[in-house]
Amino acid sequence: MLLSLLLCYGAFTALCLSMDRHHAELLGGKPTARRRRLLKLGGWLLLALSLWAAVSSTGWGLGLVEWCAVLMLSALLLVLLMPYRPRLALSMAALSLLVSPVAAFAQY
Amino acid sequence: MKVLPVSYRLAVTSRVLAAVLGGYIVAALASVSLTLWVPMARADAVVTGMMTSFLAYLGAVIWCFACRSAWQAWLGLIVSSLVLAATSGLAYWMGLS
Amino acid sequence: MKEGFRQAMAWLHTWAGLIFGWLLFSIFLTGTLAYFKDEISHWMQPEIPARSVTSEASLNVAQNYLQQHAAGASRWLIDLPDAREPGLSVRWQQTPAKRGERGQFTEKLLDPQTGAEVQGRATTGGEFFYRFHFQLQMPYPWGRWLSTIAAMVMFVALISGIITHKKIFKDFFTFRPRKGQRSWLDGHNAVGVLVLPFHLMITYSSLVIFMSMVMPASILAAYNGDARAFYDEVFPASTTPERADQPAPLASLAPLLEKAREQWSGGRVGRLTVNNPGDANASVVLVRDGADRVVHDFGSAVTFNGVTGQLLGTTPEQSLPRAIAGSFYGLHMGHFAGPVLRWLYFICGLAGTAMIGTGLVIWLGKRQLKHAKSAVMPFELRLVEVLNIASMSGLMVAVAVFFWANRVLPVEMAGRADWEVNGFFIAWGLSLLHAMVRRGRAAWVEQLALAALLFGAVPLLNALTTPFHLGNALAQGDWAMAGFDLTCLGSGVFFAWAAWKMQRSGRAEIVTQVRARPITLEREAN
């Protein structure tokens, strides 16, 4: 579940940054069209990876349940953290993505 | 709070009754109709019918409050009930129960 | 017409949410607590030790006990312990005097290691919250009907809420605190939308769980009114042979566990029923534990002859529709959830509770703004305010009192289990009276402060009344016991913060009102 959670949190942060308003709040200024596209693509890709991470380790039944749980928890965490500690929210996303290869290694 | 006209309150009450009572009847009829028509073993058909009935109930409730008048609400439910009752009756007559 | 549709759905969402919100809040809160009902029961019966013993070992213990104490019974029932329920429960039914009559049941809780009877203090424990959330302390079947009706209203409120939320994707990540009513709405949307999969699942599954009761039309139509035939098909009663009236020794039950597991390709036994122990035609029915997979398989059972160990029968594989129904059931109950997933269930449940609570606060807050100038609130709004306070902070106080009663009432007291429950409802009732006599904000602050005090002091209360306090629990690795104390402490901190915020915003209101008056006086002077 840890790998799935890390990838998911990173995914949501990327998708959040792809929105003009939030990008301005977190990084200052609107994103360029190219950056927006990259963030959106990256975000969805990471979401798909997190689903794969959840299902490949525990099968479809339990895996889907765990993925949904991870989805909801990471979204809640990001949204509630952002207005109070925006830099922490961002650095946690960066950290999650950095640590995910380690988590992947541990899982397989 | 401004005083609402009695006609408005009556219309709301009518829609609520339609949604709660009429909606239940539509849901039950939808459930029976699906159960009798779906090509499954009897117990499985019943389970399928019951599980999906709540979606029909939802549809009926939304209709009752989205349509233009309380009269339309009742009309929509009555028409749906007749259609569903007819399909159930047809299935029964065809010996599909 | 599109604007009209959204507006109509907004109206539906607002009124359905209000009328059933108070009830739904209590259902969601107690249901959320029920995810930890075994841990709560463990805290409320600390005398019963938590042991880890293999299923086979505890089954041997149970069999020995029953052989000694219930050899002549017509039926034995053995509930094996699992990770969350450490008790080994045995029941036996006496042979009825007359045929067709029900024999008397006796139940005992055993220590799975020693086989000795254990007696915890009489309490309903976590089961109270579990049962309340769908029976509402009402006589059968009225409570279930009401809670299922509430579930249907919840479903309507969820869907109408989604339809009404215009910028559901644009505002997905939006939460703007410290902006008054705007923040409350953002919060309501956040806990609503971000946890939507859970809310939809829990609501629809609760409808499916009681669908036979509330939507029986299909059963009656397909089975020509014979509902019994339907239930027999869905829950195939394992056919057990009649008494042979020939004594024969019952074989050891433990090896049957492995045989059953083979039938299920893995999986675990939850309960064993031994029919006619000591008879030649004794039969043993092993029922699968609901916790070993997500999809709940109703009545999945294997039957063996009790003397020879011969396989008598198994229940067939689940069909797809029944597997789907089983999935709804399994997902709702969450039996399969390990510790991490269980905490996630709990958090999601709290989010649902918060969604309802914020909705109720917003409903009142919006309309209160219109009446801010007048000193007296119209009756309807005052009613909503009182019900909001009593159903939310009042309920929290009641839960805390329930736990306090467990430690404060003497262990030997007769009827103490009932009195714990009475304490819950008395506290809830008093909170309603308190909300009626005090001004809104004061009532909130006082009740939240009381909840903070009661919850925060639980670890101290535990230490003063039992030897199973936090220090000991942590030292022994009793995570359920320690977790309970720590969660109560955390809740106490949360309620204290909430009470403080409530009081602060009250003072801010007074300051702005005082500032407003001199300005109007100046204008009059000019």
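In which hand does H1(B) pass H2(B), left-handed or right-handed? This tour reaches that crossing at its second stop.

The structure is a predicted model, in which local features need pLDDT of at least 70, side-chain atom pairs count only at pLDDT 80 or more, and totals for chains, interfaces and linings use all residues. Residues are numbered from 1 along each chain as its sequence is written, while chains are lettered from A and ligands numbered from 1 in the order in which they are written. The predictor assigns the complex an ipTM of 0.95 and a pTM of 0.90.

**First stop: chain C**

Select chain C, which holds 19 helices and seven strands; helices (H or I, at least four residues) and strands (E, at least two) are DSSP runs, numbered from the N terminus. Its C-alpha atoms fill a box of roughly 110 × 60 × 40 Å along the principal axes. The average pLDDT (the predictor's confidence in each residue, from 0 to 100) of chain C is 88, and 93% of the residues score at least 70. Now select residues 522–526 of chain C, where the pLDDT is below 50.

**Second stop: two helices of chain B**

Select residues 6–37 of chain B, helix H1, together with residues 42–66, helix H2. Their axes (lines fitted to C-alpha atoms, for helices over the stretch in contact, with angles from 0 to 180 degrees between N-to-C directions) come within 7 Å and cross at roughly 150°. H1(B) and H2(B) are therefore roughly antiparallel, the word used for angles over 145 degrees. H1(B) passes H2(B) in a right-handed crossing, meaning that the near helix is turned clockwise from the far one by less than a right angle.

The residues of this contact divide into 19 nonpolar, eight polar and one charged. Ala, Val, Leu, Ile, Met, Phe, Trp, Tyr, Cys and Pro count as nonpolar, Asp, Glu, Lys and Arg as charged, and the others, Gly among them, as polar.

Return to chain C and select Ala248(C), in the loop between helix H10 (227–234) and helix H11 (254–263).

Finally, select Asn281(C), which is 33 residues from Ala248(C) in sequence and 8.3 Å away in space, C-alpha to C-alpha.

Key:
Angles under 35 degrees count as roughly parallel, over 145 as roughly antiparallel, 65 to 115 as roughly perpendicular and the rest as oblique. Two residues are in contact if their C-beta atoms, placed from the backbone, lie within 7 Å.
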